[in-house]
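Hi,

Here is the structure I promised to pass on to you. Have a look at it first, and then read my notes below.

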Amino acid sequence: MSEKIIHAFSIDVEDWYQSSYDFNAPVDEVCVHNTRLVLDFLSKHNVKGTFFIQGLVARTFPHLVKEVYAEGHEVQSHGYSHRPINNMTPGEFKEELEETGKRLEDITGEPVTGFRAPDFSIDKESFWAFEVMYECGIRYDSSIFPLKTSRYGIAGFTRGYSIIKTPSGEIEELPVSVLEMTWIDGFRVPVGGGGYFRLFPSWFLNYSLRKLGSQGQPFIIYCHPYEFNPHEWQQIIKRVPGYRRLHQGLGRRSFQKKVSGLLKQETFGPMSEVLKRIHEELSQDKTSS
């Protein structure tokens, strides 16, 4: 790449209890508090990001979407209920996408063209989702986890930018980052954010940033607002088993410091800026060939 790489900071705006424990629960005010922690954090680092916001959050706290947009961040869709896409019918998914898109567009006045599935829940069996996305105005997606885990992902899927063709049109895919280790052929390590950021030490995340850059890959980071709040468990009064609190609480105290270390090293921006740079490079490649 001839120009400096732009990396992406993205955040999936959801309420931990509703999105991870009880889909039927209402979204709690703590989600607003946590998202404001992220806004303050990004303001201190002078970084703009992409906020993939749940439709249920937008319905409950429309003023929060206004705050995010007013601070210059990109607002895109994270679905409505946080139920997994691969358990939905195409009709159910379309209904969620349309509902969320309408709510976000009514608040910001901007078209919703980007999407990230809850829990990366698009797999080989649910590729029909891309045609539904296109029909609903989505033009880029960040739902594929290019590594198979016990919960999600597609083994061997293209790292970095790719095009997914549907009968209706093309969707640009920009997945969160995984690191491919050159000393073991094809061995990939999930380093893109979330729980992986909570568990990996800073030195390994810094190494991943440099390594991805040397491979010409932008670092696509994803986080959740609750990961920025190490005190959330004192603010959730509903019953949650101790093992879930322990598992989800691990690494939160050092989370902001790790992300801060990455943002200080390189240029980060919203997904649209990364895609713009990719388009420029592809255009240059065509011109020179």
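Please keep in mind that this is a predicted model. I began with the inside of the protein. The largest nonpolar core is made of 59 residues, and the ones with the most contacts inside it are Phe9, Phe51, Phe93, Phe115, Ile122 and Met133. Helix H2, which covers residues 30–45, gives the largest share of this core, with six residues. There is also a second, separate core of 18 residues, and Phe52, Val176, Tyr222 and Ile278 are among them. As a general point for your course, nonpolar side chains tend to be buried together in soluble globular proteins.

Apart from its neighbours within four places in sequence, Phe93 is in contact with Ile85, Met88, Phe115, Trp128, Ala129, Val132 and Met133.

The largest pocket holds about 640 Å³ of space. Its lining has 30 residues, and Arg151, Tyr152, Arg198, His247 and Gln248 lie nearest the centre of the pocket. Helix H1 (16–21), helix H7 (194–199) and helix H10 each give two or more residues to this lining, with the largest share, five residues, coming from H7. Sorted by type, the pocket lining has 12 nonpolar, 11 polar and seven charged residues.

Strand S8 (residues 178–181) pairs with strand S9 (residues 187–190) in the antiparallel sense, over four bridges. Met181 stands opposite Phe187 in S9. Five residues lie between the two strands, and Gly186 in this hairpin takes a positive phi near 80°.

Is Arg253 buried or exposed? Arg253 counts as exposed because its relative accessibility is 70%, and the cut-off for exposed is over 50%. Leaving aside neighbours within four places in sequence, Arg253 is in contact with Pro230 and His231. Its C-alpha atom is separated by 39 Å from that of Tyr134, a residue 119 places away along the chain.

Enjoy exploring!

How values were computed. Residues numbered from 1 in each chain as written. Heavy atoms only, no water. Pairing = 2+ DSSP bridges. Buried < 20%, exposed > 50% of the residue type's maximum accessible area, 1.4 Å probe, protein only. Contact = heavy atoms within 4.5 Å. Core = buried A, V, L, I, M, F, W, Y, C linked by side-chain atoms within 4.5 Å. 1 Å grid on protein atoms, 1.4 Å probe; cavity = no way out; pocket = protein on both sides within 12 Å on 5 of 7 lines; lining within 4 Å. Points joined across faces, edges and corners; volume = space filled by probe spheres on them. Nonpolar A, V, L, I, M, F, W, Y, C, P; charged D, E, K, R; others polar.
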